[in-house]
Protein chains: 2
Amino acid sequence: MKKHNYSAGPCILPQEVFEKAAQAVLNFNDSGLSILEISHRSKDFVAVMEEARALALELLGLTGKGYQALFLQGGASLEFLRVPYNLLKENGQAAYLDTGTWANAAIKEAKPFGETLVVASSKPENYNHIPKNYTVPATADYFHCTSNNTIFGTQIKEFPALDIPVVCDMSSDIFSRQLDFTKFDLIYAGAQKNMGPAGTTLIVVKESILGTTGRNIPNILNYQQHIEKESMYNTPPVFAVYTSLLTLQWLKNLGGIPAIEKINEAKATLLYTEIDRNPLFRGTAAKEDRSNMNATFLLNDEAHAPVFDGLWKAAGISGLPGHRSVGGYRASMYNALPLESVQVLVDVMKDLETKV
Amino acid sequence: MKKHNYSAGPCILPQEVFEKAAQAVLNFNDSGLSILEISHRSKDFVAVMEEARALALELLGLTGKGYQALFLQGGASLEFLRVPYNLLKENGQAAYLDTGTWANAAIKEAKPFGETLVVASSKPENYNHIPKNYTVPATADYFHCTSNNTIFGTQIKEFPALDIPVVCDMSSDIFSRQLDFTKFDLIYAGAQKNMGPAGTTLIVVKESILGTTGRNIPNILNYQQHIEKESMYNTPPVFAVYTSLLTLQWLKNLGGIPAIEKINEAKATLLYTEIDRNPLFRGTAAKEDRSNMNATFLLNDEAHAPVFDGLWKAAGISGLPGHRSVGGYRASMYNALPLESVQVLVDVMKDLETKV
């Protein structure tokens, strides 16, 4: 039976990526060797790393604009630490927007490095919206935000225009929508949503913001070290980088971010329209802040859960339960999820109306 | 043509591991989903992580002895930083043995955290041997050493018996030879030699040594955090952990470390015997410290290099050049390299005698 994978991450990737990645595990570039056994300094893999770094910048419209792309290990959780180490001055101040669990984790990791000012938080309302009309001090070393909140189903639609470096954790919506990416000075994203498998993190950084803290930065945490070594300061996660490259190539062939944005909007519209129409369900996020990546919703009557759960499982859907910290349902509609899969879920929701 | 992959890491893994890993990229556990798209919190992957952690301890003879195994991201280079963060007290002292490039990198990363005492170094002799008869202060917070030096072809054969925590970077020879692993309190190893693909690091730590520094440890660097979260504090590198599990299962089925040690000794004896016999070559490491993993050697007459290079390439050998920092040749004979591949190299070395 056809599967409809709504997993929140790691998540569905294009079928052609799975096929090419599996082939490379057996025989990479017709070398007779597996992608898992070649040296990261081999000509073939250096070419992979260079293409992945260049293509990430190209898709974001940042080629030739003073940015560098890195593919490192550690996940976004390590960037929570790398960011203050690289950008927060001794006795400095960092401004954070608190929009959910991951924003909070980033704040916690920065705290020992200086003053972390939370400019706004939607925590009192269980993060059901994105705060607006907050003020960011012009003296802060940087402003940090999380573009999309997987757990609460919210997404920042308008980013503040600031004269200080803007840092954004785009783990769960990078490459999914058009933005003026030059507004950001540092973007990071764990690969395991729209870019590839778990195991690598994309970091896109404007070089000019680095080297100003006066802080002693450990080598492995120092963005400048990684830039100098062309993302090979230490052994990179070869397979995760290669599979990310395959996914970026797929996106480019599809027409890049403008093309995928249209598909993502169609999917989100289809599902949110049904959530709003169907009297059995309600969405949890403020409508104007709804995420096009993760739609979070509840049954109005919990007693319908066994029937609903049976229906979507029978339809081949997986990964629909909400995050263990909030419950309910979460439909993650990342780039590689086809519109057809969303139609299957919508059909199940309509079907539930006839069953209860 | 059959390939003989002498790459120093990432390196050859068992053929059955490549086949099973490729299959899992297409269809994991017959779930209809790729290993790359399943949630790391799915029942199937939690089982992979638990088995990998348990099997690592079992193969090392450390089950039930107060140790925890973790599979994290970041490579050994991140452990260079995690170690002082977790073990070096404020105003404390750490003792390091300097046996090569990686030991040196570990020392550099620890320096800002306290006094790093280098108890001995073979740097003046270009790291051609392992220092002996050094003294480690009983007051040091820990002693750190590198069991095998890939670049210089040396390997520690006897480890000091100490009353302070012993930390060992075993990246390039873990699971290759029998040792009393209870002598160590913290072992770490990048996967990409004897354990799996690049992208995960095995950390084996005696829990009782943790939590004593009084230092504020960032969450992502805190071993205790990772232990509490059962190696899922953040999204693990799913594919790298799964492929490591496959490799550990292969090793267990082969008979574990005692069985692979015999094979590794046979391979090393075959090659070193030829290096010593053949008048065209000489080894670079002190005989008593020679690594069974990486044999480093030189041509006595550099003029023979073009002929030799042509011969081994024609024989299907790859990855034989020495590290870019030292030159010469390096034959890396990790667990998965078959004895037959070493015989091919030895035959080429003999063949060179008839050609020059």
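A rotation of 180° with 0.0 Å of shift along its axis brings chain A onto chain B, with an RMSD of 0.0 Å; the superposition is by least squares on the C-alpha atoms of residues with pLDDT of at least 70 in both copies. That is the relation of a two-fold axis. Among the residues of chain A, Ala22(A) comes closest to the rotation axis, its C-alpha lying at 2.2 Å. Both copies use the same surface, since 100% of the contact residues of chain A recur in chain B.

The model is predicted: local features need pLDDT of at least 70, side-chain atom pairs count only at pLDDT 80 or more, and totals for chains, interfaces and linings use all residues. Residues are numbered from 1 along each chain as its sequence is written, chains are lettered from A and ligands numbered from 1 in the order in which they are written, and side-chain values use heavy atoms, with hydrogens and water left out.

**Chain A with chain B**

Contact (heavy atoms within 4.5 Å) joins 52 residues of chain A to 52 residues of chain B. The buried area, which is the accessible area (1.4 Å probe) that two parts lose on being put together, summed over both, is about 4,000 Å² here, and carbon and sulfur atoms give 62% of it. On the chain A side, Phe18(A), Leu36(A) and Glu37(A) lose the most area to chain B, together 15% of what that side buries.

No salt bridge is found between chain A and chain B, a salt bridge being a side-chain nitrogen of Lys or Arg within 4 Å of a carboxyl oxygen of Asp or Glu. The interface does hold 15 residue pairs in polar contact, both residues at pLDDT 80 or more. A polar contact is a pair of N or O atoms within 3.5 Å; within protein, one must be able to donate a hydrogen and the other to accept it, and residues adjacent in sequence count only if both atoms are side-chain atoms.

Helices α1 (15-26), α3 (75-87) and α6 of chain A each supply at least two residues of the side that touches chain B; helices (H or I, at least four residues) and strands (E, at least two) are DSSP runs numbered from the N terminus. The most comes from α1(A), with six residues.

**Domain 1 with domain 2**

Chain A is divided into domain 1 (15-254) and domain 2 (257-355), with bounds from an automatic or database domain assignment. Their centres, taken over C-alpha atoms, are separated by 27 Å. Each domain of chain A gives 26 residues to the contact. About 2,100 Å² is buried between the two domains, of which carbon and sulfur atoms give 54%. In domain 1 of chain A, Ile151(A), Gly153(A) and Gln178(A) lose the most area to domain 2, together 23% of what that side buries.

The rule finds 15 residue pairs in polar contact across this domain interface, both at pLDDT 80 or more. On the domain 1 side, α2 (43-60), β7 (154-155) and α6 (238-254) of chain A give two or more residues, and α6(A) has the largest share, three residues.

**Salt bridges**

The count between domain 1 and domain 2 of chain A is two salt bridges, and over all chains the count comes to 30. Two pairs of chain A are listed below.

| Salt bridge | N to O distance |
|---|---|
| Glu288(A) and Lys132(A) | 3.8 Å |
| Glu50(A) and Arg53(A) | 3.4 Å |

Glu50(A) and Arg53(A) are separated by about one helical turn, because they are three residues apart in helix α2 of chain A.
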